[in-house]
Amino acid sequence: MKAAVIYQPGPPGNFVIEERPIPKPGANQVLVAVKAFGLNRSELMTRKGLSPSVRFPRVLGIECVGEVVEDPSGEYSKGQQVAACMGEMGRAFDGSYAEYAVLPKSNLFSFSSTLSWEQLGAIPEMFHTVHGSLHSALQIKKGEIFLIRGGTSSVGLLAAQLAHNQGLTVVATTRNPKKEQLLLANGATHVVIDGGSIKVGVKNFFPDGVHKALELVGTTTLKDTLACVRPGGIACMTGMLSEQWSIKEFAPMDYIPATVCLTTFDSGQLLSSKETFQAFIKDVETGAVRLPVGKVFRLDQIVEAHQLMESNGAGGKIVVLV
């Protein structure tokens, strides 16, 4: 099989496309023919050497969709459609940047769909991240004002759609004024241009602040985002587009406004149910949700795909067809 392997952390050019033996599944494992996978910011950080627990060489990839080739237990039938994400995939063991992957059963979601692999490849991690952030962490409700910091990311675009569909007023940010129409087309009611601080821009629309805020840029903008949330509201840090893990000299009493709640969401700790995953796929099939797919590449174009991700120019989820 072909696999994209990283032997040393560094730039996108460090990927090597090589031939490897097709792996064999062991106990509680399934061999999956990978059909497509989405790219994720965490893979970019791992590629750069910013994930201390990852040892090289490694086949990256924290998510995929494909078909079952072999399940020694017989639980999954050959040809069954499955999705997988997280659970140390592409980190503690080889992930989806390959034609085949051996995956733990705990990572797998079976589903049924008529969507193309290109569309399905965009869904697993993006869906689990958005659904978990909105419902498990932020507990969004109809009629609320909802802020998305980092709105033109694939997670931000999908979050805007789902929140809009549930009757929330969506405020989304972008650093690029040319992307305002993209945000409006994906469910945003108001757009704030992010010049480093958005508090004034948000409160020009809503002087009392927003009920809920989804932080996707990360630690560098979190304090400013918290300042946009009204008393009793919730902010959830889900993304790390800034690629900075921590906050220096964090003083909670100064950092978090009184009675504003701060939480996080990580799909590696909590995934949505298989039933919710299947229901989301049906919404895409019926057109109730439009997947924000930016650009599609082939496996042998993995270098170009990572270059685009690093440039922040995709305008949606980057998908690789295998």
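Biologist: How are helix 3 and helix 9 oriented to each other, roughly parallel or roughly perpendicular?

Modeller: Keep in mind that this is a predicted model. Helix 3 (residues 124–137) and helix 9 (residues 274–286) pack at about 110 degrees, with 11 Å between their axes. Angles of 65 to 115 degrees count as roughly perpendicular, so helix 3 and helix 9 are roughly perpendicular to each other.

Biologist: And is the crossing of helix 3 and helix 9 left-handed or right-handed?

Modeller: Right-handed, for helix 3 and helix 9. On the helix 3 side the contact is made by Pro-124, Phe-127, His-128 and His-131, and helix 9 brings Thr-276, Phe-277 and Phe-280.

Biologist: How many charged residues are in the contact of helix 3 with helix 9?

Modeller: None: the contact of helix 3 with helix 9 has four nonpolar and three polar residues, but no charged ones.

Biologist: OK, what about helix 3 against helix 4, what's the angle there?

Modeller: Helix 3 and helix 4 pack at about 50 degrees, and their axes are 9 Å apart. That angle makes helix 3 oblique to helix 4. The crossing of helix 3 and helix 4 is right-handed.

Biologist: Which residues make the contact between helix 3 and helix 4?

Modeller: From helix 3 you get Met-126, Phe-127, Thr-129, Val-130 and Leu-134, and these meet Ser-154, Val-155, Leu-158, Ala-159, Leu-162 and Ala-163 of helix 4. By class, the contact of helix 3 with helix 4 counts nine nonpolar residues, two polar and no charged.

Biologist: How many bridges do strand 12 and strand 13 have?

Modeller: Four, with strand 12 (residues 229–237) and strand 13 paired in the parallel sense. Cys-236, for one, stands opposite Thr-263 in strand 13.

Biologist: Why is strand 8 largely enclosed by the rest of the structure?

Modeller: Because five of the five residues of strand 8 are buried.

Biologist: What's the bridge partner of Leu-147 in strand 9?

Modeller: Val-171. Strand 8 and strand 9 pair in the parallel sense over four bridges.

Biologist: Last topic, Val-34. Is Val-34 buried or exposed?

Modeller: Buried: the relative accessible area of Val-34 is 3%, and under 20% counts as buried. Val-34 lies in strand 3 (residues 29–38).

Biologist: Which residues is Val-34 in contact with, leaving aside neighbours within four places in sequence?

Modeller: Among them are Cys-64, Val-65, Gly-66, Ser-96, Tyr-100 and Val-322. Val-34 and Cys-64 sit 30 residues apart in sequence, with 6.5 Å between them in space, C-alpha to C-alpha.

Methods
Residues are numbered from 1 along each chain as its sequence is written. This is a predicted model: local features need pLDDT of at least 70, side-chain atom pairs count only at pLDDT 80 or more; totals for chains, interfaces and linings use all residues. Side-chain values use heavy atoms; hydrogens and water are left out. Axes are lines fitted to C-alpha atoms, for helices over the stretch in contact, and angles run from 0 to 180 degrees between N-to-C directions. Helices (H or I, at least four residues) and strands (E, at least two) are DSSP runs, numbered from the N terminus. Angles under 35 degrees count as roughly parallel, over 145 as roughly antiparallel, 65 to 115 as roughly perpendicular and the rest as oblique. A crossing is left-handed if the near helix is turned anticlockwise from the far one by less than a right angle, and right-handed if clockwise. Contact means heavy atoms within 4.5 Å. Ala, Val, Leu, Ile, Met, Phe, Trp, Tyr, Cys and Pro count as nonpolar, Asp, Glu, Lys and Arg as charged, and the others, Gly among them, as polar. Two strands pair if DSSP finds at least two bridges between them. Buried means under 20% relative accessible area, exposed over 50%, partly exposed in between (1.4 Å probe, protein chains only).
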